[in-house]
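Student: Please take one part of this protein and go through it closely. I would like to see how that part sits within the rest of the chain.

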Amino acid sequence: MPEPAYARTKPHLTIATLGHRGHGKTTLTAALAHLHGAPVPAGAPYVEYETGTRHYAHADLPGRPRRLPALIAGLWGLDGALLVVSAHDGVTPSTAEHLLLARTAGVHHVVVALTRAASAGPARSARAEAGVRELLTAHGGGHVPVVRTDARAALAGDPRWRAALEALADAVDTYVPTPVRYADAPFLLPLSHVRHLPGGATAVGGTVERGTLRPGERVELPGARASATAAELRTFGRLMDGAEPGDRLTLLLTGPGARAALRGDVVAAPGSITSLRRFRAHVALSAGVRAGQALRFHLRTAEAAGTLAQPPGAAVATVELDRAVALTRGLPFAVRRDGRTVGTGVVTGPLPAGGQ
Ligand SMILES: Nc1nc2c(ncn2[C@@H]2O[C@H](COP(=O)(O)OP(=O)(O)OP(=O)(O)O)[C@@H](O)[C@H]2O)c(=O)[nH]1
Ligand SMILES: [Mg+2]
């Protein structure tokens, strides 16, 4: 019997829960999956569910500060996010940092889930909501939906909180627009996971940033200067006859170049993108970040060590990384030092070897 294939019946979006450690992201993810009749496989990085109008991949991003690099990589390619804030505790510095990182990664549509509202009660919930609205305004938030929920009470079958969960799912359906997709552009897949298989093939995965791909096509790994064949395409384990922008894709790469795939690299249409170590950028940095300091740069799903220099009066900074990263003009990035986000930037252009 042939394997079941992925049937494209509704627009597909990728979203995620993010927020302070322990504020209820995993419980809310489970409650949303349950609401839509979807299983929650233990430990799976994404759950898949359908609403009346859409097919969603939902990532439960980590909240622990030491897992922030994984959170940043997971933000790339999201079409929207659920910012989870406990109604007991309200906004914390982590909430603010996660929102800043989401905005930097181009995640402009954020719905707030004010969780644990059943036990927090109305007065506490109102205080937490005021705090989160203030934070959103500071980040140019506008009319963001803030929905009071209680994922545990909804999972236990309490009708009031089940209705609140439905309202949250509706807010995501209506507030997060179906994005404009660039299907005609050259194929680009930033890699969030890479698994080398016995026998020489490699399974790589991520969210398709642009372009389309069909089984059997040649692709390039520009960071490794290698090429490979896209032998098989899958989403949530099901075979696909073609991948489109926005899809969660696991790709089986074969051929001599397949072993060169690395997390943070990209899989691209041959000749469509360059990987560079040096580039120019507009940056906004916290006070105290000085030229020559050891910094971490987060670009798409890549993380690289590097340094930054901005001569007095210069409009743009120059960045030098310890390894080549696939670059496009206008690519946003985050800058971190000692486990803290200390700035954001946008790539303005390449810097030729030995150039200014
Ligand atoms: N009463 C109640 N408890 C909740 C709710 N959401 C989460 N909890 C509890 O809060 C604790 C943390 O919830 P998680 O869902 O694991 O939080 P998290 O944000 O995924 O945590 P990290 O992944 O460690 O950042 C657990 O004991 C949950 O049962 C809620 O809506 N109501
Ligand atoms: Mg969790």
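Tutor: A residue is called buried here if 20 or more other C-beta atoms lie within 10 Å of its own. The model is predicted, and that count is applied to its computed positions.

Start with helix 1, which covers residues 25-35. By the cut-off above, its buried residues are Lys-25, Thr-27, Leu-28, Thr-29, Ala-31 and Leu-32. After helix 1 comes Gly-37, with a positive phi, near 70°.

UniProt, in an unreviewed entry, lists residues 46-177 as "domain: Tr-type G". That span is 48% helix and 20% strand, and its end C-alpha atoms are 20 Å apart.

Next, the nonpolar core. In soluble globular proteins, nonpolar side chains tend to be buried together. The largest nonpolar core in this model has 95 residues, and Ala-81 and Val-112 have the most contacts inside it. Apart from neighbours within four places in sequence, Ala-81 is in contact with Ile-15, Ala-16, Leu-18, Ala-102, Val-107 and Val-110.

Where they meet, ten residues of domain 2 are in contact with nine of domain 3. The domain 2 side of this contact is made up of five nonpolar, four polar and one charged residues.

Notes. Residues numbered from 1 in each chain as written. Chains lettered and ligands numbered in written order. Predicted model: local features only at pLDDT ≥ 70, side-chain atom pairs only at ≥ 80, totals over all residues. Buried ≥ 20, exposed ≤ 12 C-beta atoms within 10 Å, placed from the backbone. Helix = DSSP H or I, 4+ residues; strand = E, 2+ residues; numbered from the N terminus. Contact = placed C-beta atoms within 7 Å. Nonpolar A, V, L, I, M, F, W, Y, C, P; charged D, E, K, R; others polar. Core = buried A, V, L, I, M, F, W, Y, C linked by C-beta atoms within 7 Å. UniProt positions renumbered as here; feature names shortened; annotations may be inferred.
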